Amino acid sequence: MASAEVQARAAPQTAGSADRAVRPLLEVDGVTLQYKTKEHLVTATYRVSFAVFPADRFVVLGPSGCGKSTLLKGVAGFLAPAEGEIRLNGRAVAGPGPDRMMVFQEFDQLLPWKTVKQNVTFPMRTSGRYGAAEAEERARAAIAKVNLAKFADVYPHMLSGGMKQRVAIARALAMEPDILLMDEPFAALDALTRRKMQEELLRLWDDVRFTVLFVTHSIEEAIVIGNRILVLSPHPGQVRAELNAHEHDHASQDGEAFGALRQRIHDMLFAERIEQEEAERNE
């Protein structure tokens, strides 16, 4: 399912390891996700399949209500599939674990009574994976990577929204998860801060080459952030297409190729609405 470009980038140039290198890190295989409300059983996604490879920046894009955040919860292990299977490193996901760290949209995901450094060390200490000294060392390194070293001992209420999101990213990366899950992490930020955070994330990826599964409803953000984009249909979410976007970044946003991809995705997302409007005009 992965493109030849992704496989070539992911494969190390050592004898005997090529087969292992091209195996997916994450496999979502025919996954239908459902949840209950007071009155209904809601099908959020229907038989969705895709694969994420090591160091991928894989973006799930779709309109509001298409199940993309629910899909992320399934990968995180908070919701079991009604159909299909989610596998990480070849093993079925059966619940949450430190191999998957989540960054949410909300600014209040940090513990307000703990400092920046204490917030970053908290999951390392509670998971039992690291001792106190190593957790503190790793926390300081992660905080420095997101350019917040001067704020290590301040509390979340003293930080801007963008700074809080950088702390959340530092907290997740300090755990060295197999995959970083990001649920529209920049959607609540103003336009300038959002662009800065996108640039920060790409800079971090260049430095660390972590694997990220990123959810958004912004076409432009998907193209800038992702090397691959999974386009979901309106509710219930089904796969419309998987597209390569590895050649695009902020610098190419005004280019013809970027515009063509943006229009192609737009047409996929709104095809049903366009067809309906045309039918109504012809009646």
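Let's start with the sheet. Six strands make up an open sheet, and the order runs E6-E7-E8-E3-E9-E10. The pairing in this sheet is mixed. Keep in mind that this is a predicted model.

Now the edges. Which strands stand there? Strand E6, residues 100-103, and strand E10, residues 239-244. Each of these has a single partner strand, so one side of E6 and one side of E10 have no neighbour in the sheet. From one strand to the next, the twist averages 20°.

Let's zoom in on one pair. Strand E7 covers residues 179-183, and strand E8 covers residues 212-216. In what sense do E7 and E8 pair, and over how many bridges? The sense is parallel, and there are four bridges. For a landmark, find Leu-180: opposite Leu-180 stands Val-212 in E8.

Next, two helices. Helix H6 spans residues 161-174, and helix H7 spans residues 191-208. They pack at an angle of about 20°. Their axes are 10 Å apart. Angles under 35 degrees count as roughly parallel, and H6 and H7 are therefore roughly parallel to each other. The crossing of H6 past H7 is right-handed.

Who meets whom there? From H6, we have Gly-162, Gln-165, Arg-166, Ile-169 and Leu-173. From H7, they meet Thr-193, Met-197 and Leu-204. By type, the residues of this contact of H6 with H7 split into four nonpolar, three polar and one charged.

On to a loop. Strand E3, residues 57-61, and helix H3, residues 68-76, have a loop between them, and Ser-64 is found in that loop. Remember E3 from the strand order: E3 sits between E8 and E9. Is Ser-64 buried or exposed? The relative accessible area of Ser-64 is 67%. Exposed means over 50%, so Ser-64 is exposed.

Ser-64 has something else to show. Look at His-217. In sequence, Ser-64 and His-217 are 153 residues apart. In space, they are 6.9 Å apart, C-alpha to C-alpha.

Last, the whole chain. How many helices and strands does the protein chain have? Nine helices and 10 strands. The protein chain has 283 residues, and buried residues make up 50% of them. Now take the contacts in the chain with a separation of 6 or more: 69% of those come from residues 24 or more positions apart.

To recap: an open sheet of six strands with mixed pairing, H6 and H7 roughly parallel, and an exposed Ser-64.

Definitions and conventions
Residues are numbered from 1 along each chain as its sequence is written. This is a predicted model: local features need pLDDT of at least 70, side-chain atom pairs count only at pLDDT 80 or more; totals for chains, interfaces and linings use all residues. Side-chain values use heavy atoms; hydrogens and water are left out. Two strands pair if DSSP finds at least two bridges between them. Axes are lines fitted to C-alpha atoms, for helices over the stretch in contact, and angles run from 0 to 180 degrees between N-to-C directions. Angles under 35 degrees count as roughly parallel, over 145 as roughly antiparallel, 65 to 115 as roughly perpendicular and the rest as oblique. A crossing is left-handed if the near helix is turned anticlockwise from the far one by less than a right angle, and right-handed if clockwise. Contact means heavy atoms within 4.5 Å. Ala, Val, Leu, Ile, Met, Phe, Trp, Tyr, Cys and Pro count as nonpolar, Asp, Glu, Lys and Arg as charged, and the others, Gly among them, as polar. Buried means under 20% relative accessible area, exposed over 50%, partly exposed in between (1.4 Å probe, protein chains only).
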